[in-house]
Amino acid sequence: GGFGALDPESKAVHNGADDNASGVAALIDAARRLSKGPRPARSVVFIAFTGEEEGLLGSAYYTAHPTIPNEKTRAMINMDMVGRLNTGNLLVYGIETAAEWKDIVGAGIAKEGPFKVTYRGEGYGPSDHTSFYTRDIPVLHFFTNVHSDYHRASDDWDKIDGPGIGRVASVVADVARDVANRQMPLTVEKGVGRPTAADSASQNQGYGAYLGSIPDFTPVEHGVKLSGVRSGSPADKAGIKGGDIIVKFDDDDVKDLYVLTAELRKHKAGDVVQVTVVRDGKEITSSVTLGTRS
């Protein structure tokens with residue numbers, strides 16, 4: 001159990017096969033593929049960061065003390081949870097952070113395909129690529145979405161799509177090779193999206209008040225869809241559930257995760273707010289007493 005567990009009552013080892021052993025496996029496999037040659041024209045650095053969920057601690061430290069100067073870093077490719085390709089589509093974030101990404105990633109996808117792919121433009125997000133994008137480095141985040149085993153002991157090896165991890169690693173290796181072999185740097189597009197709570201925490205600004213909601217990153221037309229809520233959290237106590245779509249926070253319209261993050265940062269523990277969700281096509285408003293992260 002422990003920090004972040006959604007099933008703390010289980011008292012079981014949480015192996016985290018998808019989150020994020022799948023990313024480590026993909027990292028190793030991408031390195032294996034690139035090592036077979038031909039050798040890329042530039043160095044490709046492979047790093048596994050720690051402390052992500054406590055505020056991007058590892059990646060924030062690295063970008064503040066880089067092995068290779070940030071200004072010489074062409075791009076950062078992040079693989080955080082890539083173990084469930086067989087249960088849905090591949091989400092690729094950051095596609096608008098460089099003018100060339102669509103062509104580069106598209107070529108990699110076409111070579112490995114067929115894929116069901118959803119592209120998202122934003123360079124900020126609750127994972128380690130944010131630490132690089134805040135320093136004007138183009139980024140990509142490969143992700144196969146959250147699921148019912150997220151942060152639970154049931155996130156184990158038997159539910160992992162091993163061949164799917166290999167397919168993601170193949171695309172990532174192709175993309176990395178393309179970037180490394182280009183004569184010119186990528187054309188960075190700054191400010192795509194807005195910083196999230198994770199980025200704020202990496203800058204030691206804190207997360208704000210605690211709701212306990214877990215977003216489902218599959219795009220929805222309006223609002224923030226939830227994959228679940230943390231057991232015993234303010235959201236859980238208020239009856240908010242996985243599958244709900246948060247659309248209002250008091251009288252403020254919540255159109256996306258960035259707005260929800262901003263709302264939480266405006267409040268403190270103990271504040272009582274009215275949270276409106278859409279469930280089965282109907283709006284439900286609940287009174288929520290916000291808390292603090294333990």
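The questions and answers below move through this model one topic at a time.

Visitor: What kind of model is this, and what pLDDT do local features need?
Guide: Residues are numbered from 1 along each chain as its sequence is written, and side-chain values use heavy atoms, with hydrogens and water left out. The model is predicted, with totals for chains, interfaces and linings using all residues, side-chain atom pairs counting only at pLDDT 80 or more, and local features needing a pLDDT of at least 70.

Visitor: Which residues of helix H3 are buried?
Guide: Helices (DSSP runs of H or I with at least four residues) and strands (runs of E with at least two) are numbered from the N terminus, and H3 covers residues 101-112. A residue is called buried under 20% relative accessible area, exposed over 50% and partly exposed in between, using a 1.4 Å probe and protein chains only. In H3 the buried residues are Trp101, Ile104, Val105, Gly108 and Ile109.

Visitor: Why do the buried residues of H3 line one face of the helix?
Guide: The arc is taken from the directions that run from the helix axis to the C-beta atoms. On the other side of H3, Lys102, Asp103, Ala110 and Lys111 are exposed. The buried residues line one face because, seen down the axis of H3, they fall within an arc of 130°.

Visitor: What covers the buried residues of H3?
Guide: Contact here means heavy atoms within 4.5 Å. By that rule, the cover of the buried residues of H3 includes strand S2 (90-93), strand S3 (117-120), S4 and H5.

Visitor: How many aromatic pairs does a search of the whole structure find?
Guide: Rings of Phe, Tyr and Trp (its six-membered ring) pair if their centres lie within 6.5 Å, and planes under 30 degrees apart count as stacked, over 60 as edge-to-face and the rest as tilted. With that rule, the search of the whole structure gives a count of four.

Visitor: Is the pair of Phe49 and Phe132 tilted or edge-to-face?
Guide: Phe49 lies in the loop between helix H1 (17-35) and helix H2 (57-64), while Phe132 lies in helix H4 (residues 129-133), so that the pair links distant parts of the chain, 83 residues apart. Phe49 counts as partly exposed at 22% relative accessibility, whereas Phe132 is buried at 4%. Their ring centres are 6.0 Å apart and their planes stand at 50°, so the pair is tilted.

Visitor: Which residue forms one aromatic cluster with Phe49 and Phe132?
Guide: Another aromatic pair, Tyr124 and Tyr133, has its centres 5.0 Å apart and its planes at 65°, so it is edge-to-face, and both of its residues are buried. The residue that forms one aromatic cluster with Phe49 and Phe132 is Tyr62.

Visitor: Where in the chain does a cis peptide bond join a residue to Pro38?
Guide: Most residues other than glycine have a negative phi, and most peptide bonds are trans. Pro38 lies in the loop between H1 and H2, and its cis bond, with omega about 0°, joins it to Gly37.

Visitor: Is Asn145, with its positive phi, buried or exposed?
Guide: Asp136 has a positive phi near 65° and counts as partly exposed at 38% relative accessibility. Asn145 has a phi near 80° and lies in the loop between S4 and helix H5 (162-181). Its relative accessible area is 9%, so Asn145 is buried.

Visitor: Which side chain makes a polar contact with the side chain of Thr276?
Guide: Thr276 lies in strand S9 (residues 272-279) and counts as buried at 5% relative accessibility. A polar contact is a pair of N or O atoms within 3.5 Å; within protein, one must be able to donate a hydrogen and the other to accept it, and residues adjacent in sequence count only if both atoms are side-chain atoms. At 2.9 Å, the partner side chain is that of Thr285.

Visitor: How far apart in space are Ile246 and Thr276, C-alpha to C-alpha?
Guide: Ile246 is placed in strand S7 (residues 245-249) and is buried, with a relative accessible area of 0%. Among the residues that Ile246 touches, not counting those up to four places away in sequence, are Val275, Thr276 and Val277. Ile246 and Thr276 are 30 residues apart in sequence, and their C-alpha distance is 5.9 Å.

Notes. Expected span 1.5 Å × (residues − 1).
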